[in-house]
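Please find below some notes on the model.

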Amino acid sequence: MMDITEIEEQAALDKIKSGKRLDGRDLKKFRDIKVETGVAKKAEGSARVTFGDSKVIVGVKFGVGHPFPDTPDEGILMVNAELGPMASPNFESGPPGKEATELSRVIDRGLRESEALPLEDLCIEEGEEVWKVMVDIHILDHDGNLMDASALGAIAALMEAKIPGYEDGKVLREEKHDFKIRRTPIACTVAKVGDRYIIDPSLVEEEIVDGMVTVTWTEEELCSLQKRGNGGFKKDELIEIFELAREKSDELRKIIE
Amino acid sequence: MSKDKKLLKDGKRIDGRGIGDLREMEAEAGIFKRADGSGYFRMGGTEAVAAVFGPRELHPKHRQKPKRGILQCRYNLTPFSVEDRKRPGPSRRGKEIGKVSEGALSSTVFLEEFPTATIDVYMEVISADAGTRCVALNAASIALADAGVPMRGLISACAAGKIEDTPVLDLKGEEDKDGQVDLPIAMNVDTDEITLLQMDGMTDTEEMDEMLELAIKGCKKVAEKQREALMKTFEDSR
């Protein structure tokens, strides 16, 4: 098993205290980020995102189904994440565990609360049939900060997605209709180490931080928050984190626009 | 869409509360015999029980940590706690809340005192009228203290939110459903450290500051109630 050693953790901690990172980065710098879209031919929208050595692929598929009773005239958004055994020696096969569930739900809330998707345009017949937008996140290689990479992949895949046609109960995948995203929610995770903040924590850094907050901003609004892992934050620290995340999420947004 | 359903009238809410008022609270410690510690908490129409087992040996062994113990949480809504019967067992939502509850409680417990051990916290929501994760955590924190687990302080939780563009404290069901923001937090009121923070809805930093301020005040009142319940166990055993 390729577990992180204590020496490595100590080295990462010492580096951050001196204002740098183990990989040479500044505290508030992302690793190299790459976003490619259209990487899964059968998907209606897809993106492969790398943050340093972390790699995720996101696919969007459309399907037709029954609406929820409380929203009979709206489409359905579903976000799912798989932390499969390929991505880390510590991941196992089987149904999504707590980590995968948290990952998918935080990204789901960012998309839902920002009303990024025009769900009310996705009604086929009120109370009977609506489009289901299914966003599947697959983690390929885990070297930390899967949250930000996956969220960026999800919105990038949705931005390039096209809706198929639908006639007589059949989905016509060769047809491609426009699907317009209203806002671009971007998740940015800020971690606290002593009295310093870092962004885009690597796997080793995730082990040593005193707490993390994933902050999702649209262009204008703060739309979702999740404190993750152990540790605690004072109110003033949180306020600082919200603003730092806002600035940094603008950087990520530029990559996909 | 929900604007016609007046949630606020002359600064009063549908149940007559002001914007900074909590619902009526009730708390009790030591409610179960078999568990090492247990607790009950009610906030208006939301009530939960919690039981703590441990510190005890963690199985499977490969999950043990050589230098510290771990704390594990299960959060579950009973099938009869909601309008339409819920399928038994934790849902995706329940799993996530279990995880953030672990994050909320772990840092207050001296886990470094219990290498290789686990402390298991089980939370069951008996009836749900919004704020279930906060009420469950309040019960869990009482249960941890009742079990004699060494802690840096009690964890106290409550939610703030926004209804009809106004920040308010402790949303009840109707307010949560038609509200604009839900912001549950949990904190150690002795150190002012917020250990659970979730938010959904559309807001900004300034408004967050206001809502956090409200929620922190609420947590302080919750802490008093939790302490009262724990003190009472000593009176009873006299």
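1. Helices (H or I, at least four residues) and strands (E, at least two) are DSSP runs, numbered from the N terminus. This is a predicted model, in which local features need pLDDT of at least 70 and side-chain atom pairs count only at pLDDT 80 or more, while totals for chains, interfaces and linings use all residues. Residues are numbered from 1 along each chain as its sequence is written, and chains are lettered from A in the order in which they are written.

2. Helix α2 (residues 132–146) of chain B lies across β8 (155–163), β10 (181–188) and β11 (193–203) of chain B; its direction is at about 170° to β8(B). Contact means C-beta atoms, placed from the backbone, within 7 Å. Axes are lines fitted to C-alpha atoms, for helices over the stretch in contact, with angles from 0 to 180 degrees between N-to-C directions.

3. In chain A, helix α3 (residues 146–160) lies across β9 and β11 (212–217), at about 170° to β9(A).

4. Eight strands form an open sheet with antiparallel pairing, in the order β10(A)-β9(A)-β11(A)-β12(A)-β11(B)-β10(B)-β8(B)-β9(B). Strands pair if DSSP finds at least two bridges between them. β10 (196–199) of chain A and β9 (166–169) of chain B each have a single partner strand, so one side of each lacks a neighbour in the sheet. From one strand to the next, the twist averages 20°.

5. β9 (residues 186–193) of chain A pairs with β10(A) over four bridges, antiparallel. A:Ala191 is opposite A:Ile198 in β10(A).

6. Chain B has four helices and eleven strands. Its C-alpha trace spans about 55 × 40 × 35 Å along the principal axes.

Key
Two residues are in contact if their C-beta atoms, placed from the backbone, lie within 7 Å.
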